[in-house]
Structure formats: C-alpha cells, structure tokens
Amino acid sequence: MSSPFPVSPPTAAVDASHPWLGLASFTEETRAYFHGRDEEVAELARRVQRKLLTVLFGQSGLGKTSILRAGLGPRLRPEGYCPVYVRLEYRPESPPPSAQIRQAILHAASHLDPAAVSTEPPGETLWEFLHRREFVVRDEAGRPLVPLLIFDQFEEIFTLAQGDD
C-alpha cells in the first residue's frame with residue numbers, strides 16, 4: 001500500500017546555482033527558492049485567517065501547489081497554525097478519505113500525544129476525532145496550534161471519486 005501523503009520530488013538538485021524545480025512544486029523544504037508570489041501569499045493568508053473556508057482555484061500550472069506549500073504554510077506557522085497538507089487518493093485500495101485526512105493530521109501534528117489520539121473508537125467520525133477533548137495540536141513549546149487543512153487537487157473528488165459514496 002502506498003503512503004497517503006504526497007511524495008515530494010527529490011530536492012537534492014535544488015540549490016542556489018540550480019533553483020528551478022521544473023514542473024515540480026515548491027515545498028516548505030524548497031521555499032528559499034520560491035520567489036515572486038509574496039502579494040498572493042499575503043492575500044491568501046489574510047483570507048484564511050478571516051474565513052473558515054478559503055478556496056484557491058485557477059488553471060493548471062499556475063503554481064497553486066507551490067503557493068500553498070512554500071508560501072502559505074510557512075507564513076502561517078509562526079501565527080499559530082499547523083498546516084496539514086492533504087491530497088486524497090482514489091485508487092480502489094486506498095483508505096476512505098476520512099482515514100486519509102486523519103492520517104495526514106497525525107503526520108503533520110507530530111507533537112500530538114500519541115496515546116491521546118492513537119485509538120480510534122469504533123464508528124468515530126472525522127468530526128468526532130477533531131472535537132475530542134484531548135485533541136490539541138501543540139508546538140515544541142507546548143503552545144496550542146490551529147490545524148489548517150490544506151486540500152491540494154481537491155477538484156479530483158469530482159472527477160476521480162465519481163464512483164465513491
């Protein structure tokens with residue numbers, strides 16, 4: 001079974017002499033080479049902080065994934081957010097979307113108390129999981145963080161998941 005987390009392209013070839021990733025997206029790890037989108041990232045961050053739901057859409061190849069991963073995530077971390085990058089898989093052997101989202105949250109929130117969130121009561125929904133009293137994402141210093149679910153390629157739910165309930 002493959003990982004529910006998108007695999008980032010190798011970044012070993014990215015350096016000051018070769019800062020271009022080609023068709024690959026910039027990530028938090030390669031954000032030092034991500035330039036020229038400061039205004040868009042700032043506006044998106046303002047919108048995310050004001051609204052419960054923000055949608056970023058545009059034509060393929062415009063850099064939406066790079067804006068989310070190399071721009072928005074790093075910008076909001078110091079503001080008390082924990083970016084959770086989610087790209088759902090729709091292969092027949094893939095876990096249900098709610099399980100993939102839960103796995104992405106646990107992966108991103110490495111400072112969660114594993115004992116508090118590792119057990120999944122039978123029939124627990126994603127909403128119930130996110131509203132557990134013991135579910136608090138914290139930074140290294142113990143300060144609470146706001147989980148920020150970032151769904152990349154979300155439009156695939158309307159194309160690839162057509163047969164799913």
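A residue counts as buried when its relative accessible area is under 20%. The model shown in these views is predicted.

**View 1. The salt bridge between Glu156 and Arg87.** Glutamate 156 and arginine 87 form a salt bridge in which the closest N and O atoms are 2.8 Å apart. Because glutamate 156 belongs to helix H6 (residues 156-159) and arginine 87 to the loop between strand E1 (81-86) and helix H3 (97-108), the pair ties together parts that are 69 residues apart in sequence. Glutamate 156 has a relative accessible area of 14% and is therefore buried. Arginine 87, at 34%, is partly exposed.

**View 2. The largest cavity.** One cavity of 30 Å³ or more is counted. The space in the largest cavity is about 40 Å³. By type, the lining of the largest cavity has four nonpolar residues, one polar and three charged.

**View 3. The largest pocket.** The volume of the largest pocket is about 1,200 Å³. It is lined by 41 residues, of which Leu56, Leu68, Ile150, Phe151 and Asp152 are the closest to its centre. Helix H1 (38-50), helix H2 (64-76) and strand E3 (144-151) are the elements that each give two or more residues to this lining. The most come from E3, which gives six residues. The lining of the largest pocket divides into 24 nonpolar residues, twelve polar and five charged.

**View 4. The salt bridge between Glu124 and Arg102.** The closest N and O atoms of glutamate 124 and arginine 102 are 3.1 Å apart, and the two residues form a salt bridge. Glutamate 124 sits in the loop between helix H4 (114-117) and helix H5 (126-130), while arginine 102 is in helix H3; the pair links distant parts of the chain, 22 residues apart. Both glutamate 124 and arginine 102 are buried.

**View 5. Salt bridges of Arg37, Glu40, Glu43, Arg46 and Arg47****.** Side chains of opposite charge can pair when their charged atoms come close. Arginine 37 and glutamate 40 meet through their side chains in a salt bridge, at 3.7 Å from N to O. Arginine 37 is partly exposed, with 23% relative accessibility. Glutamate 40 is also partly exposed, at 38%. Glu43, Arg46 and Arg47 are joined in a network of salt bridges. In the whole structure, nine salt bridges are found.

Key:
Residues are numbered from 1 along each chain as its sequence is written. This is a predicted model: local features need pLDDT of at least 70, side-chain atom pairs count only at pLDDT 80 or more; totals for chains, interfaces and linings use all residues. Side-chain values use heavy atoms; hydrogens and water are left out. On a 1 Å grid over the protein atoms alone, a cavity is a set of points where a 1.4 Å probe fits but cannot get out, and a pocket is an open set with protein on both sides within 12 Å along at least five of seven lines; lining residues have an atom within 4 Å of a point. Grid points are joined across faces, edges and corners, and a volume is the space filled by probe spheres set on the points. Helices (H or I, at least four residues) and strands (E, at least two) are DSSP runs, numbered from the N terminus. Ala, Val, Leu, Ile, Met, Phe, Trp, Tyr, Cys and Pro count as nonpolar, Asp, Glu, Lys and Arg as charged, and the others, Gly among them, as polar. A salt bridge is a side-chain nitrogen of Lys or Arg within 4 Å of a carboxyl oxygen of Asp or Glu. Buried means under 20% relative accessible area, exposed over 50%, partly exposed in between (1.4 Å probe, protein chains only).
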